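The report below follows a few helices and loops through one model. Please keep the sequence and the coordinates at hand while reading.

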Amino acid sequence: MASRTADTVIVGGGIIGAATGYYLAKSGHKVVLLERSFPCSGATGRCIGGIRAQFTHDLSIRVMIESIRLFSELNDELGETVHWHQGGYLFLAFDEPRKQAFLEAIKVQRNYGLDVEFISSAECGQIVPGLNREGLLGGAYCPTDGQADPFHVTYGYLAGIKRLGGEVRVDTEVTGINTRDSKVVSVLTSKGDEFFCPNVLNAAGAWSDEICRMAGIEVPIAPDRHESLVTEAVERLFDPMLVDYRSDGCYFVQHIGTGHFVGCYTPVPLVPGRNMDATDEFITEMPRRMVRLVPKLGQVKVLRQWAGSYCMTPDGSPICGRTPVEGLYISSGMSGHGFMFGPALGKLMAELIACGKPSIPLDQFAPDREFGKAEAMK
Ligand SMILES: Cc1cc2nc3c(=O)[nH]c(=O)nc-3n(C[C@H](O)[C@H](O)[C@H](O)COP(=O)(O)OP(=O)(O)OC[C@H]3O[C@@H](n4cnc5c(N)ncnc54)[C@H](O)[C@@H]3O)c2cc1C
């Protein structure tokens, strides 16, 4: 068995592992990132790239304001384009309770300086030409929200880790974590290596409960399946991510640069587990929902569909911080928001691991918190 050393071993090559590894390497840590398949093979490569600060949980809003700042500097930071575009998010309200809920959320968001407002149905129509405004009361619109390319962002961070002297190992599964006196000692891999390290970051997404179990810890993480599709590329129709929270609603955005539409809906009821099969139901239903909102999309062909996991927690907010095993950290439970949280949580978790204290306290995401009020803008 070959043995090696690292300051921090990171389990998982999705956005969370990649971003945290980058900021750790930048702070001088020797980082080894272990990915059992290929980077982005988990949820990150299946995500549609939406980025927003419109949340109801205070910490999520603060973290996302920081993430949006980091996204806007990523081209320079990583030395390649990540296709960041501030096209906004428009949450549509088709009934009075939803409108009131958005107005409440906007009050909280504006306290943090977010440029968000409730706009009329007619204004929604100006931002999204061709929008079907039947029954539409208006929408919560934040022009500083946006989109970026999950592959370019993640691979950019991974390249940065290597540039800064770290290692990224693909096709390398973590098979065990050795502890002594409730303290991390080493990490074992499917390739027969043992990495001795004082710190391990569990960034294994929907599999992070398995990684915690290797050290004798349970975390309340439950994956469920979400499907997605991409259409052919068409001329630019509109900028924002459109979100329709009705039980038969959906959300979709046109990718900047390519012109493809990508979108999803949340199934009712939810589909628990790590099953990633794509279904006939989704490919029939999703285009119908998109066309109901923007009828001219009826002309646009669907190219393909896929599925991935949302990694859910009891309150819909991430689980980030120290675990009861000294040196074992977790950054997981990202629901449908891990891509957008990635840069800021990566930086903050790196500060926690390297300096003991993140510049934005993450206590409200701590693994041992009371799981209370659920995030309303999931
Ligand atoms: C259809 C869909 C649409 C989405 N849209 C958005 C969106 O618009 N915006 C947004 O912010 N988020 C979105 N999300 C959510 C987002 O994709 C996730 O929250 C995010 O990618 C989670 O990143 P992660 O790094 O935690 O997990 P992952 O990307 O799943 O990475 C975890 C990695 O760990 C690896 N791993 C697991 N076990 C081991 C092991 N034992 N050893 C080594 N490696 C291991 C896996 O192979 C995997 O690559 C979407 C998700 C889906 C499914």
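## Surroundings of helix 5

The buried residues of helix 5 pack against helix 1, strand 3 (31-34), helix 2 (58-78), strand 9 (167-169) and helix 8, where helices (H or I, at least four residues) and strands (E, at least two) are DSSP runs numbered from the N terminus. The model is a predicted one, in which local features need pLDDT of at least 70 and side-chain atom pairs count only at pLDDT 80 or more, while totals for chains, interfaces and linings use all residues. Residue numbers start from 1 along each chain as its sequence is written.

The buried positions of helix 5 are P150, V153, T154, G156, Y157, L158, G160 and I161; a residue is buried if 20 or more other C-beta atoms lie within 10 Å of its own, exposed if 12 or fewer, and partly exposed in between, with C-beta atoms placed from the backbone. Helix 5 (residues 150-163) has 14 residues, which at 1.5 Å a residue should span 20 Å, and this agrees with its end C-alpha atoms, which are 20 Å apart; the expected span is 1.5 Å times one less than the number of residues. After helix 5 comes G165, with a positive phi near 95 degrees.

Two packed helices are described by the angle between their axes and the distance between the axes. Here axes are lines fitted to C-alpha atoms, for helices over the stretch in contact, and angles run from 0 to 180 degrees between N-to-C directions. For helix 1 and helix 5, the axes come within 8 Å and cross at roughly 35 degrees, and the crossing is left-handed, meaning that the near helix is turned anticlockwise from the far one by less than a right angle, with clockwise giving a right-handed crossing. From helix 1, I15, A18, A19, G21, Y22 and A25 meet P150, V153, T154, Y157, L158, G160 and I161 of helix 5, contact being defined by C-beta atoms, placed from the backbone, that lie within 7 Å. By class, this contact has ten nonpolar, three polar and no charged residues; Ala, Val, Leu, Ile, Met, Phe, Trp, Tyr, Cys and Pro count as nonpolar, Asp, Glu, Lys and Arg as charged, and the others, Gly among them, as polar.

Helix 1 (residues 15-26) also packs with helix 8 (residues 338-355), at an angle of about 40 degrees and with the axes 7 Å apart. That angle makes helix 1 oblique to helix 8, since angles under 35 degrees count as roughly parallel, over 145 as roughly antiparallel, 65 to 115 as roughly perpendicular and the rest as oblique. The crossing of helix 1 and helix 8 is right-handed.

## Individual residues

G12 sits in the loop between strand 2 (8-11) and helix 1, and is buried because 30 other C-beta atoms lie within 10 Å. Beyond its neighbours within four places in sequence, G12 is in contact with G17, E35, A203, A204 and G205. E77 belongs to helix 2, and counts as partly exposed, with 17 C-beta neighbours inside 10 Å.

In the loop between strand 10 (174-179) and strand 11 (184-189), D181 has a positive phi near 50 degrees although it is a residue other than glycine; D181 is exposed, with 7 other C-beta atoms within 10 Å. The peptide bond from V268 to P269 is cis, with omega near -5 degrees.

Key:
Contact = placed C-beta atoms within 7 Å.
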